[in-house]
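Here is a short tour for anyone who likes to read a model with a viewer open. Please load the structure and follow along.

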Amino acid sequence: MEHLQTQGISLPRLGLGTFRMQGDICRAAVESALGLGYRHIDTAEMYGNEDAVGAAIATSGIPRKELHITTKVWHENLAPDAIRRAFDGSLNRLRLDHVDLYLVHWPSRNMNLPAIFETLLKLKQEGRTRAIGVANFNLALLKTAVEQIKAPIACNQVEYHVMLDQTKVAKYLAAKSIPLVAYAPLAQGRAASDETLISIGRKHGASAAQVALKWLLDQDSVAAIPKTSRAESQRANLDALKLKLDDEDRKAIAALPKDKRFVNPGFAPGWD
Ligand SMILES: NC(=O)c1ccc[n+]([C@@H]2O[C@H](COP(=O)([O-])OP(=O)(O)OC[C@H]3O[C@@H](n4cnc5c(N)ncnc54)[C@H](OP(=O)(O)O)[C@@H]3O)[C@@H](O)[C@H]2O)c1
């Protein structure tokens with residue numbers, strides 16, 4: 001598994017997303033993924049599954065230093081004392097003494113970004129998170145974080161897949177050597193039934209979902225965190241790394257409509 005080096009951490013380029021999985025289903029999915037070789041798990045306090053992720057990690061027997069665990073603070077908890085409480089809760093539920101990456105899950109309209117990063121940096125200095133980062137930051141917010149506040153963010157986690165253009169944000173991140181972590185990398189499963197991807201996959205003996213993932217992972221400094229509860233799909237998503245797309249495939253994918261954003265809650269500042 002390839003890794004991206006960022007702000008002192010080594011981020012496996014393919015991770016397991018866990019949104020909308022809870023309890024025993026989530027625990028079993030994470031156990032299965034760890035058994036198959038996944039070492040990067042993405043969770044969040046908002047997902048209500050950190051306890052299940054923690055239980056799976058605890059029984060895995062995998063040395064902690066081989067794992068990369070990301071969790072996130074929800075937009076309602078962005079005041080400094082609320083971040084600390086949220087973080088303590090996350091660590092307890094995960095049964096860990098540190099996470100690898102702690103992200104601002106969504107920006108909120110009235111957030112105080114300097115105070116947020118000061119609090120996150122203290123958690124980093126205390127060794128309770130190895131790195132800090134953001135999610136759902138548009139270009140304007142990214143520029144504020146990186147150029148004004150000079151926050152050492154290890155990633156921006158954003159929706160990115162074959163049906164959505166992220167050129168502006170991706171170019172900015174690349175110029176600053178900050179990885180882009182693609183969430184909903186399968187367009188929430190829709191990529192699996194896209195006719196263009198199916199026909200590209202047929203050519204290579206691969207599935208449409210594998211084509212969608214490899215298109216992302218062929219891009220420098222991009223990681224992806226597809227979610228699946230099924231071991232078969234977890235294995236297929238890992239196997240996507242072996243696929244070789246050619247110029248004709250890339251041209252066909254580039255021609256797909258790229259205006260399909262599937263995640264966009266009203267409370268966050270809009271995308272430009
Ligand atoms: N930071 C944020 O604001 C944010 C927002 C959204 C998501 N995320 C993170 O990103 C992760 C991924 O996003 P997502 O879960 O929304 O969407 P996704 O990963 O694009 O799609 C998940 C769907 O794809 C299906 N699937 C997975 N692998 C497949 C395969 N090989 N073949 C066919 N179908 C497959 C899954 O079905 P089955 O489960 O039935 O297999 C599931 O229905 C989340 O779980 C979460 O960790 C972060």
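**Helix packing**

Please keep in mind that this is a predicted model. Two packed helices are described by the angle between their axes and the distance between the axes.

| Helix pair | Residues | Angle | Axis distance |
|---|---|---|---|
| H2 and H3 | 50-60 and 80-94 | about 40° | 7 Å |
| H5 and H6 | 139-148 and 167-175 | about 15° | 10 Å |
| H7 and H8 | 195-204 and 208-217 | roughly 95° | within 7 Å |

Let us start with H5 and H6. Their angle is about 15°, and angles under 35 degrees count as roughly parallel, so H5 and H6 are roughly parallel to each other. The crossing in which H5 passes H6 is right-handed. On the H5 side, the residues in contact are Leu139, Leu142, Lys143, Val146 and Glu147, and they meet Lys168, Val169, Tyr172 and Leu173 of H6.

Next come H7 and H8, whose axes cross at roughly 95°. Because angles of 65 to 115 degrees count as roughly perpendicular, H7 is roughly perpendicular to H8. Here Leu197, Ile198, Ile200 and Gly201 from H7 touch Ala208, Val211 and Ala212 from H8. The contact of H7 with H8 is made up of six nonpolar residues, one polar residue and no charged ones.

That leaves H2 and H3, which pack at an angle of about 40° and are therefore oblique to each other. Glu50, Asp51, Val53 and Gly54 in H2 face Ser90, Arg93 and Leu94 in H3 across the contact. The residues of the contact of H2 with H3 comprise two nonpolar, two polar and three charged.

**The ligand site**

Which residues are closest to the ligand? They are Asp42, Leu186, Lys227, Thr228 and Asn237, out of 28 residues that surround the ligand.

A nitrogen atom of the ligand sits 2.9 Å from a side-chain N or O atom of Gln157. For His105, a polar side-chain atom is 3.4 Å from an oxygen atom of the ligand. Pro185 takes part through its backbone, where a polar atom lies 3.3 Å from a ligand oxygen atom.

Conventions: Residues numbered from 1 in each chain as written. Predicted model: local features only at pLDDT ≥ 70, side-chain atom pairs only at ≥ 80, totals over all residues. Heavy atoms only, no water. Axes fitted to C-alpha atoms, helices over the stretch in contact; angles between N-to-C directions. Helix = DSSP H or I, 4+ residues; strand = E, 2+ residues; numbered from the N terminus. Parallel < 35°, antiparallel > 145°, perpendicular 65-115°, else oblique. Left-handed = near helix turned anticlockwise from the far one by under 90°. Contact = heavy atoms within 4.5 Å. Near = heavy atom within 4 Å. Polar contact = N/O pair within 3.5 Å; in protein donor to acceptor, adjacent residues only side chain to side chain. Nonpolar A, V, L, I, M, F, W, Y, C, P; charged D, E, K, R; others polar.
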